[in-house]
Amino acid sequence: TYTGPAQSPSLKILALCIIQLERIRGCRSSVFLFLFWVLSVVCSLVPLRAKIQLAIDEGIASDIVRYLAFFSYFSIQLAQLFLCCFADQPPQGKPILEKNPCPIEDASFLSKILFWWFTGLVVKGYRTPLEAEDLWTLREEDTSHKIISDLQQDWTAECAELQKQQKALASGAARGSRLPDQAQLFRKLQKEQSSGFFLLRTLTRKFGPYFLNGTLCILFHDAFMFAIPQVLSLLLAFMRDGDAPLWKGYFYATLMFLLSCLQSLFNHQYMYTCFTVGMRVKTAVMGLVYRKSLVVNSSARRTCTVGEIVNLVSADTQKLMDFVVYFNAVWLAPIEIALCLFFLWQHLGPSALAGIATVILIFPLNGFIAKKRSKLQ
């Protein structure tokens, strides 16, 4: 039976430890606390229904102390969940440097995943036309100064390490002790340097962890996307079964609604994360190209025209941003197609071959349309 406040004291101690840890870190809105109180409230719903039904049947006076303890405990859980939907106030005396700071800095976890922090600008734009003064100041991590400075440090360290390896190999060659493995390594370093491998590795180290968050979001999105048809199949089977209990129908319908909401949520988080990473990569590469163009010597200027530099800064950096945004589709699309065909074969049998043939025929058509569109552009 449910024992109210005395149940799972270790979980409550864990919650207190998380609260203290988040305060030490300066976190004003905790993801873990929000999920903890959501699960606590959800797990308490079944005992709540049982307590209410028992109180209706036997009366609350039979065990008024236990009832009051449980209902008070459940009310505290709801209050904690409600408070976790908002972020804590910033520390007193903290200076506000920006004139119009971005509200995402003060947004709670729930506001970030649902984009409530953006609602104010949308409402203002609906009422009156937006002007430049209405736009928020960029976050520090999104400013070109911060992005280019951090990447410049990583790029300088990468170039220093490369020069150190080349000097070590060159000194070995000067002493006549170059081995075949060393010569192969030297050629590999030259090839990687000319192909831009080191720049790609520097960008990956700098922006890779944040990009992996978006990749995780798209994986959850695809999992929910394939789970919805399976739940729909269970719902249809329930409708065909006249003896099935009614609660199963409500459960499947509610589950489909929740899965659809989660699918949309993770999809928007993925797009927001990828476009943010793409914007930062584009800004970083543009800054590096611009700084390099300022210090390039006269002999190098003859081999690289102004038009080529402008093309690097404008068109090529935009392609790099598009690559970051749609990179996951390259390896996820075949997996999604294979899973779709697998589920079709399970439900339709050999008739699914018609869908497979249609997909195969669509590939050349899409390629032809893409080539025509690129020519028109």
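How many helices and strands are there in the protein chain?

**Figure 1. The whole chain at a glance.** The protein chain has twelve helices and zero strands, where helices are DSSP runs of H or I with at least four residues, strands are runs of E with at least two, and both are numbered from the N terminus. This is a predicted model, so to speak, with local features needing pLDDT of at least 70, side-chain atom pairs counting only at pLDDT 80 or more, and totals for chains, interfaces and linings using all residues. Residues are numbered from 1 along each chain as its sequence is written, and side-chain values use heavy atoms, with hydrogens and water left out. Of the 377 residues, 27% count as buried; buried means under 20% relative accessible area, exposed means over 50%, and partly exposed is in between (1.4 Å probe, protein chains only). Take the contacts with a separation of 6 or more: residues 24 or more positions apart account for 72% of them, a contact being heavy atoms within 4.5 Å.

Figure 2. Side chains of opposite charge can pair when their charged atoms come close. A search of the whole structure turns up six salt bridges, each one a side-chain nitrogen of Lys or Arg within 4 Å of a carboxyl oxygen of Asp or Glu. In this view, aspartate 134 bridges to lysine 124, with the closest N and O atoms 3.0 Å apart. The two partners sit ten residues apart, lysine 124 in helix H5 (119–127) and aspartate 134 in the loop between H5 and helix H6 (144–174). Is aspartate 134 buried or exposed? Aspartate 134 counts as buried at 15% relative accessibility, while lysine 124 is partly exposed at 38%.

Figure 3. Aspartate 150 forms a salt bridge with lysine 146, and their closest N and O atoms are 3.5 Å apart. Because these two are four residues apart in helix H6, about one helical turn separates them. Aspartate 150 is buried, with a relative accessible area of 18%, and lysine 146 is partly exposed at 33%. Elsewhere, salt bridges with shared partners tie Arg139, Glu141, Asp142 and Arg280 into one network. One of the bridges joins glutamate 141 to arginine 139, with the closest N and O atoms 3.7 Å apart. Here arginine 139 is buried at 13% relative accessibility, whereas glutamate 141 is partly exposed at 33%.

**Figure 4. H11 against H12.** Helix H11 (residues 306–348) packs on helix H12 (residues 352–376) at an angle of about 155 degrees, and their axes lie 8 Å apart. Axes are lines fitted to C-alpha atoms, for helices over the stretch in contact, with angles running from 0 to 180 degrees between N-to-C directions. Which residues in H11 meet H12? They are Ile337, Leu341, Leu344, Trp345 and Leu348, and on the H12 side you'll find Ala352, Leu353, Ile356, Val359 and Phe363.

**Figure 5. Inside the largest nonpolar core.** A nonpolar core is a set of buried Ala, Val, Leu, Ile, Met, Phe, Trp, Tyr and Cys residues joined through side-chain atoms within 4.5 Å. The largest one here has 44 residues, and Phe34, Trp37, Leu203, Phe207, Val277 and Val281 touch the most other members. Helices supplying at least two residues each include H1 (9–25), H2 (31–58) and H8 (197–240), but H9 gives the most, with 13 residues. Leaving out residues up to four places away in sequence, phenylalanine 34 touches Leu81, Cys84, Cys85, Phe109 and Leu110.

**Figure 6. Gln263 and its neighbours.** Glutamine 263 is in helix H9 and counts as buried at 18% relative accessibility. Not counting residues up to four places away in sequence, glutamine 263 touches His221, Phe224, Met225 and Ile228.

**Figure 7. Phe115 in its loop.** Phenylalanine 115 lies in the loop between H4 and H5. Its phi is near 60 degrees, a positive value in a residue other than glycine. Phenylalanine 115 is partly exposed, with a relative accessible area of 23%.
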